[in-house]
Amino acid sequence: MVLGKADPHSKRQQSDSDWALSSRKPPRRSRRRWLLPGFMVALVAGVTGGSTYAFYHYLPPGRSIPGTYVGGRLQPEDKQLRLWLEERRAQLLARPVYLEIDGEVFQRRLGALGVELDVGQNQSKVREHAEQGSISERIYKVVSAKRGEQDIPLVWSFDERKLEVALEDLSPEVFRDPVDARLDLVGHQKIHDTPGRSLDVRRTVESIAAGQEFDENQILELKVKSTPPQVSLDMLADIDVSKVLGEFQTKFAGTGEGRSVNIARGAELLNGVVIAPGQTLSFNERVGDRTLARGFTWAPVILDDELTPGVGGGTCQVASTLHAAAVYGALDVVDRRSHSRPSGYAPMGLDATVVFGEVDLKIRNPYDSPIIVHAFIPSPGFLKVELLGRDAPKVEYKYGVSRAYDFYRRITTKPWIKPGKRLMRQRGHKGYDVVSWVKVTRPDGTKAERSYNSSYRPVPEVFWVGPGYDLDELPELPDGAKDVQVDGRSLPNELFSSSPFEEPPSG
């Protein structure tokens, strides 16, 4: 044997042996190593394909993912998305909306506020929710939607101008006048002041437009501006009620029970009012409407120059007494009208007639300190008004008649009076144009003068007669009477047809 040489037969045998080994199956352990990756690939492919099929199977075109709520509602299976949203928009226009301020709630319709469902934006939002995201994200939406866990908030559109108009219409209902502090001089207590309020339209529009959801029965907050009262509780501490700035007293005894009730009620409502420096007091605003529900009753009022039953008769005597006290207290008389006839309880020029909503008495405090109105019944049949809080000035008042007018006789046929009978309903009085002068000397020595006019039209003499009454049976015309009017047939006389003498009934 020679070392270093290979046997050709042995090489051939080795090659055959290697071939034989490579053609055999691998051991069992080696096959298991390849089974797991292959199974996972098949599983992922199957799941992905099946899920994709399921996703598109449960998401037909033109709708939300089944089970998804859109603003708390499910899209019906038989309606296209846009058609369904259009129907909801129309329905939601009539949805009630509640607007609240300080515990008060005002109801309006959503559409009336210029708020409505934005169909286009909501449709885009629903489609975006259904179609965007990875496969796994969309599969998650499908699964959670079936559990009721998906809800897409609604998108709203605003017509700001329409919203502003609606809020401006609401403003009078929201508005509240401030209530001044006052003294209850009878009950000996202070009545607290209350600030007023007015609707802040601009801020409310901005608040409503700032992403409200407008859920059913949602309450939206109104934005308001606060108005401070002219008389605060602190001001009352500085008033010296022992000082009487001006006063006046009138008598009403013997004028009827109804008038007595109304005078006492008017005085009660006026009593204790504080007039701040520069503030104007409105008699009608303070005393309010003269109705049975507010404590007033039936009493004679002047209507068409004749006394006739009405609610609140006698209230004018309260206004007249206040006016006279204001004259003697040197207050500014901003608005005042004399009666249609001279009053028996006040000199001409010092009276004042009032009719709620039509004729008012307004007086202004020209001083630098508050004044309290004390209106009361000092003794049965008398009314007194005092203005308290300052030293009284010296006031001289006088009046003169610049012109007098004759009155006329009015004859009216009443079918319920027996034929040939008559009833004297009212005595006549002349009319007058009056000029009043007021001279004031204040405690500091300064002086002031003013004058103003009053007009009192003639008061007709009134007879009611039965049908067919012989007018020659009437007495002669009294002094100061000039003409006769029968059942509305006026004699040609410019005095009795002139508009300055036309005024509403007064107390």
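**Helix pairs, cores and loops**

Helix 3 (residues 81-92) and helix 4 (residues 119-131) pack at an angle of about 135°, with 10 Å between their axes. That angle makes helix 3 oblique to helix 4. The structure described here is a predicted model. Where the two helices pass one another, the crossing is right-handed. Helix 3 brings Leu81, Arg82, Leu85, Glu86 and Arg89 to the contact, and helix 4 brings Val119, Gly120, Asn122, Gln123, Val126 and Arg127. Sorted by class, the residues of this contact divide into 4 nonpolar, 3 polar and 4 charged.

A further helix pair can be followed in the structure above. The axes of helix 6 (residues 160-174) and helix 7 (residues 201-209) come within 10 Å and cross at roughly 130°. With this angle, helix 6 is oblique to helix 7. The crossing of helix 6 and helix 7 is right-handed. On helix 6, the contact is made by Glu160, Leu163, Glu164, Leu167, Glu168 and Ser171, while helix 7 takes part through Val201, Arg202, Thr204, Val205 and Ile208. The contact of helix 6 with helix 7 has 5 nonpolar, 2 polar and 4 charged residues.

Attention now turns to the interior. In soluble globular proteins, nonpolar side chains tend to be buried together. The largest nonpolar core of this model has 42 residues, and Phe283, Leu322, Leu331 and Val373 are those with the most contacts inside it. Both helices and strands build this core: helix 9 (257-270), helix 10 (283-287) and helix 11 (315-328) each supply at least two residues, as do strand 13 (244-251), strand 20 (371-376), strand 21 (382-388), strand 22 (394-405) and strand 25 (431-441). Helix 11 gives the most to this core, with 8 residues.

With neighbours within four places in sequence left aside, Val373 is in contact with Leu185, Leu270, Asn271, Gly272, Val273, Ile275, Leu281, Leu322, Val385, Glu386 and Leu387. A second, separate core has 30 residues, including Val97, Leu113, Val119 and Ile208.

Asp102 lies in the loop between strand 3 (96-101) and strand 4 (104-109). Although Asp102 is not a glycine, its phi is positive, at about 50°. Asp102 counts as exposed because its relative accessibility is 59%, and the cut-off for that class is over 50%. Asp487 likewise has a positive phi of about 50° without being a glycine. This residue sits in the loop between strand 28 (481-486) and helix 12 (494-497). At 39% relative accessibility, Asp487 counts as partly exposed.

Pro419 belongs to the loop between strand 23 (407-413) and strand 24 (422-426). Its relative accessibility of 63% means that Pro419 counts as exposed. Not counting residues up to four places away in sequence, Pro419 touches Gly466 and Pro467.

Conventions
Residues numbered from 1 in each chain as written. Predicted model: local features only at pLDDT ≥ 70, side-chain atom pairs only at ≥ 80, totals over all residues. Heavy atoms only, no water. Core = buried A, V, L, I, M, F, W, Y, C linked by side-chain atoms within 4.5 Å. Buried < 20%, exposed > 50% of the residue type's maximum accessible area, 1.4 Å probe, protein only. Helix = DSSP H or I, 4+ residues; strand = E, 2+ residues; numbered from the N terminus. Contact = heavy atoms within 4.5 Å. Axes fitted to C-alpha atoms, helices over the stretch in contact; angles between N-to-C directions. Parallel < 35°, antiparallel > 145°, perpendicular 65-115°, else oblique. Left-handed = near helix turned anticlockwise from the far one by under 90°. Nonpolar A, V, L, I, M, F, W, Y, C, P; charged D, E, K, R; others polar.
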